[in-house]
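Okay, thanks everyone for coming.

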Amino acid sequence: MKIAIHQRQGSYSDLWIDYCQKHNIQYKIVDAYANDILEQVADCDAFMWHFHHHIYKDCLFAKQLIYVIEKQMDIITYPDFDTCWHFDDKIGQKYLLEAINAPLITTYIFYTRQEALDWIQHTTFPKVFKLSCGASASNVQLVKSCKQAKRIINKAFSRGIKTFIYLGLIKERYSKYKLGLVSFRALLGLIKIWILRIKPDEYHGFHPKEIGYVYFQDFIPNNNYDIRVLVIGNRAIAKKRLNRKNDFRASGSFNNIFDENQIDLKYIKTAFEINKKLKMQSVAFDFLQNSNGEPLLTEISYCSGIKNYKNYSGYWTADLQWHKCKIPDFCNFIIEDVIAQIKDK
Amino acid sequence: MKIAIHHRPGSYSDLWIEYCQKHNIQYKIVDAYANNILEQVADCDAFMWHFHHNIYKDYLFAKQLIYVIEKQLGKICYPNHDTCWHFDDKVGQKYLFDSLHIHAAPSYIFYKRSEAFDWINQTSFPIVFKLRSGAASKNVLLVENGTKANKLVTKSFDLGFQRNSHWNRVAKRWEQYKRGNCTLKWFLKGIITPYSYKERFSKEEIGYVYFQDFIPNNNYDIRIYIIGNRAVVAKRMNRESDFRASGSHHALFDPKLIDIKYIKTGFNISRRLKMQSIAFDFLLDANDAPILTEISYCCGNKDYSPNAGYWTDDLQWHECQNINICDWIIEDVIEKASTK
């Protein structure tokens with residue numbers, strides 16, 4: 001057995017490589033960006049790549065590459081295509097989650113300016129505006145009035161909307177710095193790029209503007225936190241994410257509660273039920289709740305941040321049993337599932 | 001049997017609707033752009049949509065919608081996901097051809113400026129530059145030297161490219177006007193009017209550069225369009241003083257002009273790709289073997305002649321008048337839906 005891993009420091013790959021070394025699993029570091037990537041993976045049983053929505057290169061071709069390796073070369077991949085095709089693509093998620101009757105918050109997409117303008121005349125506000133891409137609450141905005149919605153629509157159907165705004169990124173990184181999640185040097189690096197206006201950096205520089213559509217979601221009031229449930233195979237870990245200060249958004253607030261007693265089992269149950277239909281290798285759900293206390297889904301993702309995984313004190317299995325353990329390292333769960341898939345093949 | 005059809009006048013849907021009316025097949029016009037499209041197709045057996053690479057809306061979500069309708073709702077789709085996932089995406093096609101060892105013009109993609117510059121320093125010229133999107137030779141350039149290649153790389157990692165460039169359109173119409181393929185009014189209209197609403201909102205192409213080996217000594221290409229086990233073919237002559245044939249609108253349909261090796265290669269590849277319909281663009285390599293440049297799930301009505309006849313996969317030629325490729329497509333869909 002041999003596993004091809006695309007290495008990116010600070011991503012899941014660090015932990016996968018650790019795992020392989022510890023368990024004597026043969027692995028090979030490959031470069032997904034190389035022109036001969038298919039030759040590189042040809043002698044392997046699996047290909048693992050934690051690709052990232054912030055890295056423009058990954059957005060350009062990761063899904064296509066994975067589809068080819070999985071379907072044409074018949075190599076197990078993580079993520080597989082069913083797991084990742086809708087990653088960082090809320091438009092795709094709308095159709096997918098509606099098709100399986102998941103409890104998705106009512107979502108509206110308009111591909112023409114006129115239809116969007118007609119709709120805002122007779123809808124109620126507030127609504128939540130989102131771009132199709134973006135995580136950690138980036139590109140998400142509360143729209144309180146028809147006038148504000150009209151401004152957004154006009155922009156979406158004229159110049160388009162930038163997905164990365166450096167000032168917003170700096171603000172975000174400053175909050176992370178205050179919480180000790182990034183170094184001062186990392187903060188300074190971003191400020192330097194912004195001030196000097198040097199060429200776009202490797203991560204954020206080349207994302208095209210989002211243009212030609214608008215996406216709105218109903219606003220669900222009285223939620224001052226959301227529940228993030230990450231399901232990997234038959235295990236789930238969950239955390240409660242409190243909203244940012246004076247904000248309706250919880251994602252990316254870094255104000256998390258990991259106490260399992262604070263997580264209602266209904267979220268875990270709903271997450272497992274939805275994934276039975278989605279059949280994803282791993283999926284992170286962001287839940288709010290409606291006025292009847294029922295979980296409502298805002299969006300999904302195949303991966304979740306790894307910075308604070310050591311804070312979890314255990315995990316649930318699909319039978320809703322809680323398993324206390326020291327560090328449920330979900331990257332180990334992922335690679336264990338991939339190894340099991342290879343053996344079953 | 002009920003077929004959901006997204007209707008766009010001027011597209012395949014005109015002929016699908018005609019077919020349904022003629023053969024008493026129940027059909028329903030649906031709106032793929034509507035928020036309730038999944039409800040609209042729920043009571044149908046198949047969903048058919050001739051989506052187009054130049055319509056920005058289609059580009060935004062057609063592939064995702066089709067994947068969901070096919071895989072989650074279990075409907076027969078035309079095109080299905082295998083048929084369309086790489087449509088108008090030469091980057092995806094590169095990986096697909098490489099994985100199946102298809103004899104295609106070698107292509108090189110760089111996601112980093114410095115890697116592209118390094119490669120240019122040691123490659124030979126001319127080479128062909130392409131954007132991942134674009135049909136009818138749009139966004140395709142011959143690069144004769146390193147300086148020109150470097151400029152393209154710089155632009156790719158700086159301002160990026162617009163898929164629909166105004167001046168490219170003007171140049172194309174000028175060429176058509178010179179050859180008598182369009183009127184002066186049409187040419188002038190191209191200069192003064194901006195891109196239509198449907199094309200204007202295309203995203204820019206940025207952050208990568210794509211080159212393909214130049215295959216010399218080809219003054220035409222062979223376009224084969226395979227639907228199921230039938231193929232229609234055209235020999236497309238290059239544009240005047242140009243290396244590009246696609247979109248020249250100068251096509252020959254005489255079957256005697258088409259070497260059977262193209263048809264054979266086309267069917268061979270088609271079997272492996274398992275697409276419902278597939279258009280191949282072939283050139284000839286130095287050994288006189290057909291070499292593939294790109295593929296598409298659909299083709300324009302100038303790429304085949306309705307009165308020329310067609311080949312079947314046993315390599316037999318069938319004389320036939322009034323060929324209608326859209327009928328073939330819908331017949332295949334009906335067959336699949338009824339055997340499901």
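Some housekeeping before that. This is a predicted model, where local features need pLDDT of at least 70 and side-chain atom pairs count only at pLDDT 80 or more, while totals for chains, interfaces and linings use all residues. Residues are numbered from 1 along each chain as its sequence is written, chains are lettered from A and ligands numbered from 1 in the order in which they are written, and side-chain values use heavy atoms, with hydrogens and water left out.

About 4000 Å² is buried between chain B and chain A, and carbon and sulfur atoms give 61% of that. Buried area here is the accessible area, taken with a 1.4 Å probe, that two parts lose on being put together, summed over both.

Now, how many salt bridges are there between chain B and chain A? The count is 0, where a salt bridge is a side-chain nitrogen of Lys or Arg within 4 Å of a carboxyl oxygen of Asp or Glu. Polar contacts are another matter: 12 residue pairs between chain B and chain A are in polar contact, both residues being at pLDDT 80 or more. That term means a pair of N or O atoms within 3.5 Å; within protein, one must be able to donate a hydrogen and the other to accept it, and residues adjacent in sequence count only if both atoms are side-chain atoms.

Helices (H or I, at least four residues) and strands (E, at least two) are DSSP runs, numbered from the N terminus.

Is Lys94(B) buried or exposed? Lys94(B) counts as buried because its relative accessibility is 4%; buried means under 20% relative accessible area, exposed over 50%, and partly exposed in between (1.4 Å probe, protein chains only). The Lys94(B) side chain makes a polar contact with the side chain of Asn35(A), at 3.5 Å.

Next, helix H6 of chain B, residues 113-122, where Ala116(B), Trp119(B) and Ile120(B) are buried. They lie on the same side of H6(B), because they cover an arc of only 105 degrees around the axis. The exposed residues Asn121(B) and Gln122(B) are on the face of H6(B) turned away from its buried side. Among the elements covering the buried residues of H6(B) are helix H7 (146-156) and strand S10 (209-213) of chain B.

Back to salt bridges: over all chains the count comes to 24. Lys345(A) and Asp74(A) form one, at 4.0 Å, N to O, and those two are 271 residues apart. Lys345(A) counts as exposed, because its relative accessibility is 60%. Then there's Arg241(A) with Asp226(A), whose closest N and O atoms are 2.8 Å apart. Arg241(A) is in strand S10 and Asp226(A) in strand S9 of chain A, and both residues are buried.

Last bit, the backbone. Most residues other than glycine have a negative phi, and most peptide bonds are trans. In chain A, a cis peptide bond joins Tyr78(A) and Pro79(A), with omega about -5 degrees. Chain B has a cis bond between Phe125(B) and Pro126(B), with omega about 0 degrees, and Pro126(B) lies in the loop between H6 and S6 of chain B. Leu320(A) has a positive phi, near 65 degrees, and Leu320(A) is partly exposed, with a relative accessible area of 23%. Leu315(B) also has a positive phi, near 65 degrees, and Leu315(B) is partly exposed at 26%.

That's me done.

Note on methods: Arc of directions from axis to C-beta. Contact = heavy atoms within 4.5 Å.
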